[in-house]
Structures are given as structure tokens and as C-alpha cells.
Amino acid sequence: MAASGIAPSNPVRDVCDYESLFECVHCGLCAEFCPTYIATRSEMDSPRGRIYLMKSLAEGRIDLDDDVARHLDLCLGCRGCETACPSGVHYGRLIEGARTFVERNHQRSFIDRLKRRAVSEIFPYPDRLRWLLTPLKIVDRLGLRSALRAVMPRAVRDWLDLLPPLDRGTRPFATVATATPRTDAPSVVVHHGCVAQVLANSENLNSERLLAASGYRIVQLETTACCGALDLHSGNAPRARGFARANVRTLKSSGADAIISAASGCSVAMAEYGHLLKDEPDVAEDARVVSAKVRDLSSLLLDAPIRSKRELRCRITYHDACHLAHGLGVREAPRKLLASIPGVTIVEMKESDLCCGSAGSYNLTEPAMARELARRKADNIVATGADYVVLANPGCEFQIAAELRRRGSNIKVVHLADFLAMASQ
């Protein structure tokens, strides 16, 4: 990180929203809420340290070398720091801007470029992902994944571990009675996402069925585009805005009163379309309208609760998905829903809102840190003695389930929508 002079009065590089950097008062309260700082104890791996790097880059006082890029890359974008920050710094927006700058100006290694390109060109497109996974689906049906894993290089094994079983036929579906909703009932659209509709579509379908049973009218989208979160997190802001524009048009035309996603990261991305597209006059107002309608499944179900048909005698612990807790501020609603199920005992885990290491595609691009955080999360889950860990984000589900499988644990990892579906059977 070579310094290159005294800070000018104006930025010389467009790294991020420069004025927003000064909202940080450098108090350091964010540090102990930052997973990478907790893991490394390096100031440059804390939000305060990264804001210093962004400011120094913007002012031309340091160069974008491998060291600087490494500290910025290692950020999970979990936004735990935003919950802790007394000044209201929008750190998530700052790091997303910085990542766009890094991708435009930093020369990565060939392997790193290949890995990131594979993620960006496959995961946002459901048809491509389905095609890629077709051979593995056949392998799973034949019960040969373990044999395949044994002959694969370690990097491929790590990726395979993160994929759930692709035969999802045993996933629970809500069987609650769904009377025809009143014509004046509030309407909800469930955005099916990209990865979620391929790897965890039961979570979308169960969300719709549970909402219908609660009296909501379900609106189906004709087409669903990626929400853009993966691109925002990886520094491809132009394509993220393209996805956002497509979703704004579709969601606005649906006429739905509320918009939800079974993936909390997608929910936050859509909730921020108003900010993301604020400088595009043709869509800015519609984007604000769409963003204002984003809600969470648990909050909607609490507004119109349904009665569980079944007693589930079990101990569960709840993992707070980062973007649900820190991005949307939803913590109590899922717990209240779970506590309403007869027979369920909730046991709180330590550090329930500390990132598990999934963070979109982070566990694919930064596997070492992701694995360290997964181990920490699994330790806390196992310590509760729970039968189930319930959460509200498929990425967290895959990450935590993979680590528990490595340990031979019998603890089941279940999305909130699927767990509520179990209780309704």
C-alpha cells in the first residue's frame, strides 16, 4: 500500500460515494461486529480500516495493489457493521462501489478471474445453472455423489459440498387449506430468484402456499430476473442495474401490494432499487415504489397468522441471516412464528447474527475465510443441542448444512418456509 502524496481537497478517483465516507467517525464500534476482523484481528479487515482504504484510494494517496484489493475482497458485505454503527454509515453501498472500482482497475490472477467469471456467467441465469447441474442430478439419483467426490480435486470437492442433494422430491410442501381469497385481500408476489428457483424452489412454493392460507392473494410473475445482488457484491454494477430495471418493470406491472423473496439477500437488493436507480429518470420513481413494497415472509404471516395443524416436539435454534437482520432489521418475527408452533422449544445460539460465511458467492470466491466462519457457526449450533437450525436464506442453508455434514451431525438445516410447511401437515 504505497502512499502517493497528501490528500487533495477533492477525490481524484471515483471509488465510491466520496462524501459518504465522511459519515464514519472512526469510533471502531463496528469492529467486534465484523466477522473478518474477529477472525483476523487486522484493522484493515475491519469496516473502519476498509473505509480508510477507500478514502485513501479516492484521494490518490495509495495505489490499488494486491494488498489493498485483498482487504476489500475479504469483506463479506454482511452489514453487521451497519447495525452497530451509531452514525448510520451505509457501509454496504460503500463497499459495493469500491468493488466496482476494483474490478475495473485491478488485474487479478488467471485462476481468480476464471472462478469469478464462472460465478457471474452461470448463477444469475437459472437455465444455465440447471443445464450445468443435470449430470450431478443423475449422479445424486444413482447415489454416487460420495464416489464422485472422492476422485475430484479439493477445490471441486469444496464446491460439491455446498450443493444440496439435487433430488428435492422429499422437501415438505404446505398442505394447509387455501380458501379462495377475497377480491379485496392484499396481494403478494414471491420473487423466485435465480439460484433459489433451481436449488431450493420448495422455499418459494411453500412461501406462496403459506401466504395463500393466511388470506393473501398470490400474484405470479410472468418472468423473473436475477435481483442483481450477486453482481453488486462482485463489482458488476452496470449489469446489476440492468437486472434491477427489468425487475422494477415486472414487479410494478404485477400490481402486488407486497413483494417478498425466500432469499434475504434478494429482499435487500430489491429494497434498495430506489437508491440503485435514483439517477435514472425513466425508472427512478417506479424503483422507489417497488422498494417500498418489499416485506419479509415472517412479518406478513404474523399479520395474518395461520394455526399449525401439527405438534412438533423438537428443539430448534434460529440463525439470523445477515441481510434479513442487518439489511431489513427483521429478527423477532421469525422467532415469534416458530414459538407459536406447539411442541417447539427455541434455544438461542451464541452469535446468532454473525455471518456463516455464505454471503452470496463469497464461499466460492473466498473459501478459506468462508470455511472458518462456517466452523464457528457450526460450533455455536452444535452447542445448543438443537434438532433443527432454522433460517431464512437458502445460501446460509447450503453453507451451514455442508459444515454440519462434514462433522457427521444429525442436526437438520431447514428454511423457515419449509419448517412452517412441516408444521402445517
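User: What should I know about the numbering and the model before starting?

Analyst: Residues are numbered from 1 along each chain as its sequence is written, and side-chain values use heavy atoms, with hydrogens and water left out. The model is predicted: local features need pLDDT of at least 70 and side-chain atom pairs count only at pLDDT 80 or more, while totals for chains, interfaces and linings use all residues.

User: Why are helix 13 and helix 16 called roughly perpendicular?

Analyst: Helices (H or I, at least four residues) and strands (E, at least two) are DSSP runs, numbered from the N terminus. Helix 13 (residues 237–254) packs against helix 16 (residues 284–292) at about 65°, with the axes 9 Å apart. Axes are lines fitted to C-alpha atoms, for helices over the stretch in contact, and angles run from 0 to 180 degrees between N-to-C directions. Angles under 35 degrees count as roughly parallel, over 145 as roughly antiparallel, 65 to 115 as roughly perpendicular and the rest as oblique. Helix 13 and helix 16 are therefore roughly perpendicular.

User: What makes up the contact of helix 13 with helix 16?

Analyst: V248, L251 and K252 of helix 13 meet D286, A287, V289 and V290 of helix 16, where contact means heavy atoms within 4.5 Å. By class, this contact has five nonpolar, no polar and two charged residues. Ala, Val, Leu, Ile, Met, Phe, Trp, Tyr, Cys and Pro count as nonpolar, Asp, Glu, Lys and Arg as charged, and the others, Gly among them, as polar.

User: What makes the β-α-β unit right-handed?

Analyst: A crossover is right-handed if, with the strands pointing away from the viewer, the path from the first strand over the helix to the second runs clockwise. Strand 6, helix 22 (residues 394–406) and strand 7 make a right-handed unit of this kind.

User: In the open sheet of four strands, which are the edge strands?

Analyst: The order is 5-4-6-7, with parallel pairing. Strand 5 (344–346) and strand 7 are the edge strands, since each pairs on one side only. The twist averages 35° from one strand to the next. Strand 4 (residues 314–318) pairs with strand 5 over three bridges, in the parallel sense, and C314 stands opposite V344.

User: Why do strand 2 and strand 3 stand at the edges of their sheet?

Analyst: The open sheet has three strands in the order 2-1-3, with parallel pairing. Strand 2 (217–219) and strand 3 (258–261) each have a single partner strand, so one side of each is left without a neighbour in the sheet. Three bridges join strand 1 (residues 187–191) to strand 2, and V219 is the bridge partner of V189.

How values were computed
Pairing = 2+ DSSP bridges.
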